[in-house]
Amino acid sequence: METMKPDMMPQGCDAKFGVLPACAPLATSWVPPQGMNPPMYAPEEALTRGTLFPGLDLPFMNMVNKSNPYAGTPLGELMALTFMAKELQLYLDTHPDDQDAFKALKDTLALKREGAKRYVKLYGPLRLEDMEDSASYDWLRGPWPWEYCERMGK
Amino acid sequence: MFSYVKSLEYPVKIKNTNPALAKFIISQYGGPDGEMSASLRYLSQRYSMPTPQLRGLLTDIGVEELGHFELVAAIIHQLTRDMTPEEVKKAGFETYFVDHTAGIYPQFASGTPWTAATIGVKGDTITDLTEDMGAEQKARTTYDNILRLSDDPDVNNVIKFLREREVVHFQRFGEALGKTLEMLDQKNVYYMNPSFDK
């Protein structure tokens with residue numbers, strides 16, 4: 001588990017907790033907001049666990065994924081970066097002033113662009129735009145994403 | 001507009017054919033708390049939201065849900081694509097098979113076709129966000145129940161991912177609701193409907 005960042009958390013609260021207002025209007029629902037600059041998993045662990053944030057990682061009956069089927073592959077790496085960017089996007093939608101998270105998003109997007117370039121060269125386009133430098137219409141090359149399984153190529 | 005990225009959000013790689021699991025996991029495709037309902041709920045609610053932040057959050061979560069709609073389909077497809085009529089009978093999958101063969105059809109586990117009656121678009125900011133929080137909890141419970149019933153580790157690997165996304169989305173909707181409440185008259189947050197009364 002990541003260490004908490006004491007400057008961002010009120011005393012006695014770690015990353016699993018948030019702070020509610022001292023007074024709030026009756027007859028409304030309140031969810032404690034996640035603190036700014038929260039601890040984060042590395043991209044691959046984030047994808048495997050389903051969240052970038054240890055504070056929000058709340059598994060059912062301790063059923064936790066140890067790995068995912070593409071961990072350590074070029075596609076797995078790209079999926080992890082894509083997921084990290086998505087998770088940061090949702091976080092920034094409710095924490096638009098968190099500069100550290102915005103920096104993390106920009107760094108992730110740069111890595112993702114590089115990873116996607118390498119992947120596309122090897123395996124073909126992921127998006128229409130990826131065919132800008134293709135020699136032929138290779139959108140239909142390779143399996144569609146839902147087709148992957150152990151029996152592929154049998 | 002939307003454009004397709006030729007990759008799932010999370011890897012789905014299922015070794016064993018098992019229509020018995022597809023029989024109830026289909027509910028997260030087109031069931032009452034499934035991913036089709038989630039995406040259409042958020043993508044339809046966003047138009048009347050009063051702030052750019054709320055419109056953005058509903059768009060971004062709604063788009064992620066479309067990816068989950070595809071993930072659940074990938075699970076069902078890989079569980080059923082190679083099934084034999086004998087396996088169909090053994091699994092008690094005949095009632096689905098007779099209508100859809102190995103196609104993917106949005107329906108409840110009970111067989112009811114997907115219906116817009118499973119989603120709410122009330123056009124009221126507090127009401128819609130509160131519905132969304134409830135919807136995330138209902139989907140989480142459904143994934144909990146799937147984890148109780150399924151013993152296939154390849155399937156459960158994806159289900160655990162999907163379940164955790166419900167927890168994160170609940171948090172974001174809750175934060176968005178909190179920010180909405182702060183904008184309103186603190187002595188009476190129900191004085192008007194910020195989605196309608198400008």
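## A helix in chain A

In α3(A), the buried residues are Ala101(A), Ala104(A), Thr108(A), Lys112(A), Ala116(A), Tyr119(A) and Val120(A). Here a residue is called buried if 20 or more other C-beta atoms lie within 10 Å of its own, exposed if 12 or fewer, and partly exposed in between, with C-beta atoms placed from the backbone. The buried residues of α3(A) pack against α2 (74-94) of chain A. An α-helix has 3.6 residues a turn, so residues three or four places apart point the same way.

How well does the length of α3(A) agree with what a helix should span? Helix α3 of chain A covers residues 99-123, and at 1.5 Å a residue its 25 residues should span 36 Å; the end C-alpha atoms are 35 Å apart, which agrees. The expected span is 1.5 Å times one less than the number of residues. Just after α3(A), Gly124(A) takes a positive phi of about 100°.

## How to read the model

This is a predicted model, in which local features need pLDDT of at least 70 and side-chain atom pairs count only at pLDDT 80 or more, while totals for chains, interfaces and linings use all residues. Residues are numbered from 1 along each chain as its sequence is written, and chains are lettered from A and ligands numbered from 1 in the order in which they are written.

Chain B has a mean pLDDT of 98, and 100% of its residues reach 70 or more; pLDDT is the predictor's confidence in each residue, from 0 to 100. For the complex, the predictor gives an ipTM of 0.97 and a pTM of 0.95.

## Chain A as a whole

Chain A has three helices and zero strands, running α-α-α from the N terminus on. Helices (H or I, at least four residues) and strands (E, at least two) are DSSP runs, numbered from the N terminus. Of the 154 residues of chain A, 33% count as buried.

## Where the chains meet

How many residues of chain B are in contact with chain A? There are 45, and they touch 39 residues of chain A; two residues are in contact if their C-beta atoms, placed from the backbone, lie within 7 Å. On the side of chain B that touches chain A, α4 (52-80), α7 (125-149) and α8 each supply at least two residues. The largest share, 16 residues, comes from α8(B).

Helix α8 of chain B (residues 153-183) has 31 residues, which should span 45 Å at 1.5 Å a residue; its end C-alpha atoms are 46 Å apart, which agrees. Of these 31 residues, 25 are buried, so α8(B) is largely enclosed by the rest of the structure.

## A core and a buried loop residue

The largest nonpolar core has 70 residues. Such a core is a set of buried Ala, Val, Leu, Ile, Met, Phe, Trp, Tyr and Cys residues joined through C-beta atoms within 7 Å. Its largest share, 12 residues, comes from α4(B). Val158(B) is among the residues with the most contacts inside the core. Leaving aside neighbours within four places in sequence, Val158(B) is in contact with Tyr10(B), Val12(B), Leu71(B) and Ile75(B).

Phe93(B) sits in the loop between α5 (85-91) and α6 (94-100) of chain B. Is Phe93(B) buried or exposed? With 21 other C-beta atoms within 10 Å, Phe93(B) is buried.
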